[in-house]
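Please review the following briefing alongside the sequence and the model. The points are grouped by topic.

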Amino acid sequence: MSTAVTRELPKLRSDLVISRQAGAVVLKDPTTGRFFRFGEAEHFITSQLDGTTPIAVVRQRAGEEFGSLPEPGMVEGFVGSLRRLGLLEADDAALERPAAPRRHNRGGPLYMRFSAFDPDRLLDRLVDKVAFCFTPAFLVFSASVIVLGFGISVAEWSHITRDLKRLWGVEMLLVAWLITFMVSAAHEFAHGFTCKRFGGHVHEIGFMLIYFQPAFYCNVSDAWLFAEKSKRLWVTISGPYLEIFLWALAVIIWRVTEPGTWPSAVALVVVAASAFRLFINLNPLIKLDGYYLLSDALGIHNLRARAFGYVKRRLSALVASPGPAREEPTTREQRVYLAYGLLAGGYSAWLLSLVALMVGDWLTQRYQGAGAFVYAGLLGLAFQNPLLRATATPRLRAWRERVNARWKSLNGPMRALLLLGLSLAVLFLVPWQLTVSGDFSVAPRHNADVRAEVDGIIAQVYVDEGQRVAAGELIVRLVDRDYRAELRAVGAQIDETLARLNMLRAGPRAEELRLARQNIETAETRHEYARRRYEEGEQMQAARLAKAMADVATAQERLRYARNDLERFHALFAAQLIARRTLDESQELAGVREKELAAARAEVDTVSVGDLASTGDLAGFRKEMAVAQKEAEEAGGRLRLLAAGSRPEEIEGAQAVLARLASQRNHLEDQLRLVMVRSAVPGVVTTPKPREKIGQYVKKGDLILEVHEFQTVRAEIAIPEREIGDVKVGQAVVVKARAYPERAFPGRVTAIAPAAIKEEEGWRGKVFRVTTTLENPDLVLRSEMTGTAKIYCGERRLFDVLTRRLARYLRVEFWSWW
């Protein structure tokens, strides 16, 4: 017969699974799948709850066990906590209670879990077939493969990245997704098989979103019941270890296969997918394998919650009085909580901010107002719990209760009709201003590029950046030294040409005629003197030639006598009638006579060909006579020219030269005026640091400064192609610059570009440039400023405004399907 369970005689549920571990006890509720960790004192109290022992006796026994009696109410409070957690039996019938239905999705927007199926029976059938994976031989083999794969990846890193870039393409996305799915499944089954190997149960496997990052999961919470810490660590590390092994195996396969083949491509996909997953999965700052591995290694369960709680208490203590006394963690735990809480909190804040900013920027830029509402809804959904806690004031709670009471007083059909009528009235009767918005950039209405009109070096700049200038104001001066020197030279040429023209017009003077006649007489006298000297030279040459011929005849006769004597002496020497010396003297004499004959003949040749020309006598006389004759002819010609007077053509030529020089002088004077560079329009100098241009050489047409007229500016608005149909010239425009968000600048649409252009942001497609003119009296709008412009396209029904994008899609895109 069962003993009735009462509040005074509590009893711990008999179906709870209990595991004793070092310094703690873990309890598992099989009906809910929840786990609880108790210290030695808490476990002693739970062990005394047998349904027959009163709470007072339990308190007394605890005091005897631990040498200190618990404070009054402490045991009662602990038993109450156990009752609220459902760990105590309420009555005998509760032992037969059915198991609570398992939820298929759990968690909040930042940590959502979707259960897929219960793999326990499947793992029971397969665990013996993979028993080799839990042997030392496989551990050595897999470790060797990992070391080899790591070495190959380090040595071939450049080739791996090169092949990955070549592999990237749309056709590989499906393959990559399938491979990632299979690798993820193998990862999770590794957790499950390891847990099964050590005697645990695995009742859940599924998909999860953690900080909006997709991942698979396998619920191996039964590992918390393992008394040995090493087994818990092996269950946690088995998934990443298998994935590292698959990654290393894929690296080896890639290395031994031919590049470009499908085995090489699949291996590369496994390498990339596994590396990325391992980087995410082993991150201890989010609740994945890396976190649980760190938690088990440190021996601190619920590390994240405890660390955040500890940091929150420490921060609260800095600004407010400390809360009720709590059990302080050890010094080691304090250091761990502080380090992990700050790191995980910072990482979570950074990741959430990054995702929120990216999603918000994309939604608001692409869908504008609707995107902002969706973004606000997503933020509210993500942070619903903090928002509810922040708004849980008594006044707000009472208001919500009154609204809920009145709403619940209406029946279902009445609620539906009321909501439908109100919605239709708002949609079809409320007018709404249709607006089209887009990014804009400011451009000056008049943009005067101050350019050099002549080549030169910048000598002086008279303005600074941001300075206002008037039309015609001097702003830059170029070096004019070369132009002034050239102008002086041209002036001298003009004076010379003018003097020559006056001389041509006046004609020759009497003195010039008399001098010309004297020059003729002098030239004739010199010619006559040269002729006489030439005749004398010819006579002298004839006399020298006759003498030379006589010398040749004499030399021939002497040579003939010398040769006869030489023949006679040869005969006498042969008869030994004379001495050798006499014969040698005769031979020497004959040689001398031959040389004398050769010299005489050479003299004849020299005189015959003009020996006087080589000495300069006869040739000089001939040249002097020719020069004198030419001078006489030239003097005669000059006299005739002087007598004839100036030719009209010469006067006209001088006049043409004078006109050309005058034109050149005028051009140089213009150049001198152009070295003074002036502003063509009133405005503001926008060129940065203009005075640093001093000393620079500029060519004609080179940009020196920019002067923008900002009293009235022009804004160019980028309107997407799908919105341009609602925009018309003359519609009101309001722009807000990012630099002045508190000010609105009104204007009107003045022009719409006739052709669309492609912008850098691919998702926006083509855009049209819509131009508006804005008054800018205080010059706050400056060139290239950006912001957002809103064009008011007239009032429409709220229904038309909300559904216009959908209607456009149906009328264009959907229409094209049929």
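**Structural briefing**

At 18% relative accessibility, glutamate 156 counts as buried, where buried means under 20% relative accessible area, exposed over 50% and partly exposed in between (1.4 Å probe, protein chains only). This is a predicted model, in which local features need pLDDT of at least 70 and side-chain atom pairs count only at pLDDT 80 or more, while totals for chains, interfaces and linings use all residues. Residues are numbered from 1 along each chain as its sequence is written, and side-chain values use heavy atoms, with hydrogens and water left out.

**Overall composition**

- The chain has 22 helices and 20 strands; helices (H or I, at least four residues) and strands (E, at least two) are DSSP runs, numbered from the N terminus.
- Of the 818 residues in the chain, 33% are buried.
- Among contacts (heavy atoms within 4.5 Å) between residues at least 6 apart in sequence, 74% join residues at least 24 apart.
- The chain exposes about 50100 Å², of which carbon and sulfur atoms supply 60%; accessible areas come from the Shrake-Rupley method with a 1.4 Å probe, and for residues only the protein chains shown count as cover.

**Salt bridges**

- The structure holds 25 salt bridges, each defined as a side-chain nitrogen of Lys or Arg within 4 Å of a carboxyl oxygen of Asp or Glu.
- Glutamate 156 forms one of them with arginine 255, the closest N and O atoms being 3.6 Å apart. Arginine 255 lies in helix α8 (residues 229-256) and glutamate 156 in the loop between α5 (136-155) and α6 (157-167), so this pair ties together parts that are 99 residues apart in sequence. Arginine 255 is partly exposed, with a relative accessible area of 44%.
- Aspartate 120 and lysine 196 meet through their side chains in a salt bridge of 2.7 Å, N to O. Because aspartate 120 belongs to helix α4 (residues 120-126) and lysine 196 to helix α7, the pair ties together parts that are 76 residues apart in sequence. Both partners are buried: aspartate 120 has a relative accessible area of 8%, and lysine 196 has 10% relative accessibility.
- A further salt bridge joins the side chains of aspartate 163 and arginine 162 (3.2 Å, N to O). Aspartate 163 is buried at 8%, whereas arginine 162 is partly exposed at 34%.

- Six of the six residues of strand β2 (residues 24-29) are buried, so the strand is largely enclosed by the rest of the structure. One side carries Ala24, Val26 and Lys28, and the other carries Val25, Leu27 and Asp29.
- Strand β1 (residues 17-21) runs antiparallel to β2 and is joined to it by five bridges; two strands pair if DSSP finds at least two bridges between them. Serine 19 has valine 26 in β2 as its bridge partner.
- Five bridges also join β2 to β3, again antiparallel, and valine 25 stands opposite phenylalanine 38 in β3.
- Four residues separate the strands in the hairpin of β2 and β3, where glycine 33 takes a positive phi near 80°.

**Nonpolar cores**

- A nonpolar core is a set of buried Ala, Val, Leu, Ile, Met, Phe, Trp, Tyr and Cys residues joined through side-chain atoms within 4.5 Å. The largest has 29 residues, of which Ile458, Val463, Ile475, Val476, Leu478, Ile704 and Leu705 touch the most other members.
- Elements that each supply at least two residues of this core include β8 (431-451), α16 (481-506) and α21 (648-674). The largest share, six residues, comes from α21.
- Apart from this core lies another, of 28 residues, among them Val436, Ile724, Val727 and Ala737.

**Helix α3**

- The buried residues of helix α3 (residues 74-84) are Val75, Phe78, Val79, Gly80 and Leu82. Their cover includes β3 (34-38), α1 (40-47) and α2 (55-66).
- Glycine 86, which has a positive phi near 80°, follows α3.
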